[in-house]
Amino acid sequence: MITAGLKKRATVWGVHVLLAVWLIICILPPVMLLAASLNSTALFRSPLDLLLLRDFTLENFAQAFSRGDFWFFFTNSLIISGAAVIITLVVCVPLAYGLTKISGRARSAVSYGVLAMRFIPYVVLALPMFLIFVNLGLTGSRFGLLLAHLSIHIPFATWMLVGFFDTVPGELEEAGIVDGCTPWNLFWNVSLPVVRSGVIALAILVFIISWNEYLFALFLAGSNAQPLTVGITRFLGGAEAGAEYGIIAAYAVLVIAPVILFALTANRFIVSGMTAGAVKG
């Protein structure tokens with residue numbers, strides 16, 4: 001006869017097995033990518049040989065740096081992503097705070113107007129933006145690509161920040177008013193410190209989204225403003241030349257390494273920020 005204790009242990013073991021399988025599924029692609037970057041392309045038909053590093057080499061990384069103009073694409077990615085974070089916060093933080101002070105239908109109308117941009121797939125916006133930017137002379141520039149990024153960041157960030165500011169207790173601002181705070185002081189010294197972790201988490205997410213963005217960069221960046229996500233395509237080759245998979249893997253590792261390090265460093269802010277936003281919908 002199966003006892004209750006045995007059932008509980010079996011359930012716990014079952015959950016651990018499922019979590020282990022899920023963990024393997026999650027980490028296998030990045031592990032394979034790293035292994036591919038450290039082997040010659042000749043081993044790519046044998047995953048086991050790749051994982052065992054049977055033809056270990058760092059030549060792929062050397063080629064990615066020397067032939068891939070890595071620092072040119074890295075600079076473009078860093079400038080565009082950094083500017084996107086700064087402008088998004090400057091615009092969206094006060095905008096979201098102001099929306100929380102509006103009541104009734106006006107708030108719903110403005111909120112849905114901002115959020116409506118999130119309903120549209122990016123691929124639908126790429127061609128109209130290209131046509132508009134061509135006429136404005138913005139194609140092939142970092143500024144044009146930055147504007148495209150802001151078109152997706154501002155609705156997303158505003159929607160997130162409204163949720164953060166809604167969690168600020170009304171009693172705090174009422175106490176500030178009693179102490180003689182001006183509206184600016186209520187925003188800057190009372191509400192903003194309460195949602196600081198959420199704002200930092202949002203800034204990290206915006207940076208990661210901009211860093212990984214590919215579609216707008218492909219349409220709008222031209223040859224002078226291409227980020228890392230487009231730079232990697234120069235090693236794809238043609239039907240006759242074939243793709244240089246080893247260099248592509250090394251280049252991909254270099255693309256994602258800064259984001260992974262950044263996310264691990266700021267993991268505490270991401271978790272606390274997302275939790276703060278989930279307290280009140």
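The legends below accompany close-up views of a predicted model.

**View 1. Helix H7 and its kink at His153.**
Helix H7 runs over residues 142-166, and its 25 residues reach 35 Å from the first C-alpha to the last, close to the 36 Å expected at 1.5 Å a residue. A kink of about 30° lies at His153, shortly before the proline Pro155. H7 is mostly covered, with 20 of its 25 residues buried. His153 itself has a relative accessibility of 0% and therefore counts as buried, the cut-off being under 20%. Leaving aside neighbours within four places in sequence, the residues in contact with His153 are Ala84, Thr88, Val206, Ile209 and Ser210.

The unreviewed UniProt entry carries the annotation "transmembrane region" for residues 12-38, 70-97, 109-134, 146-165, 186-211 and 245-264. In the predicted model, the chain over residues 146-165 is 100% helix and 0% strand, and the C-alpha atoms at its ends are 26 Å apart. Over residues 186-211 the chain is 96% helix and 0% strand, with 34 Å between the end C-alpha atoms.

**View 2. The buried face of helix H3.**
In helix H3, which covers residues 59-67, the buried residues are Asn60, Phe61 and Ala64. Seen down the axis of H3, these buried residues fall within an arc of 100°, so they line one face of the helix. An α-helix has 3.6 residues a turn, so residues three or four places apart point the same way. The partners against which the buried residues of H3 pack are helix H1 (4-37), helix H4 (70-100) and helix H13 (245-265). After H3 comes Asp69, whose phi is positive, near 45°.

Leu53 lies in the loop between helix H2 (47-51) and H3. Its phi is near 55°, a positive value in a residue other than glycine. Most residues other than glycine have a negative phi. Because its relative accessibility is 33%, Leu53 counts as partly exposed.

**View 3. The largest nonpolar core and the surroundings of Leu228.**
The largest nonpolar core has 46 residues, and those with the most contacts inside it are Leu161, Phe165, Leu228 and Tyr251. At least two residues of this core are supplied by each of H3, H4, H7, helix H9 (183-194), helix H10 (196-212) and H13. Apart from this core lies another, of 15 residues, among them Leu125, Leu145, Phe216 and Leu220. Within the view, Leu228 is in contact with Phe70, Phe73, Phe74, Ser77, Trp211, Tyr251 and Val255, once its neighbours within four places in sequence are left aside.

Pro258 is found in helix H13, and because its relative accessibility is 28%, Pro258 counts as partly exposed. Residues up to four places away in sequence not being counted, Pro258 touches Phe74 and Trp211. Although Pro258 and Trp211 are 47 residues apart in sequence, their C-alpha atoms are 9.5 Å apart in space. Phe74 and Trp211 are also among the residues in contact with Leu228.

Terms used. Residues are numbered from 1 along each chain as its sequence is written. This is a predicted model: local features need pLDDT of at least 70, side-chain atom pairs count only at pLDDT 80 or more; totals for chains, interfaces and linings use all residues. Side-chain values use heavy atoms; hydrogens and water are left out. Helices (H or I, at least four residues) and strands (E, at least two) are DSSP runs, numbered from the N terminus. The expected span of a helix is 1.5 Å times one less than its number of residues. The bend at a residue is the angle between axes fitted to the seven residues ending there and the seven starting there. Buried means under 20% relative accessible area, exposed over 50%, partly exposed in between (1.4 Å probe, protein chains only). UniProt positions are given in the numbering used here, feature names are shortened, and annotations may be inferred rather than shown by experiment. The arc is that of the directions from the helix axis to the C-beta atoms. Contact means heavy atoms within 4.5 Å. A nonpolar core is a set of buried Ala, Val, Leu, Ile, Met, Phe, Trp, Tyr and Cys residues joined through side-chain atoms within 4.5 Å.
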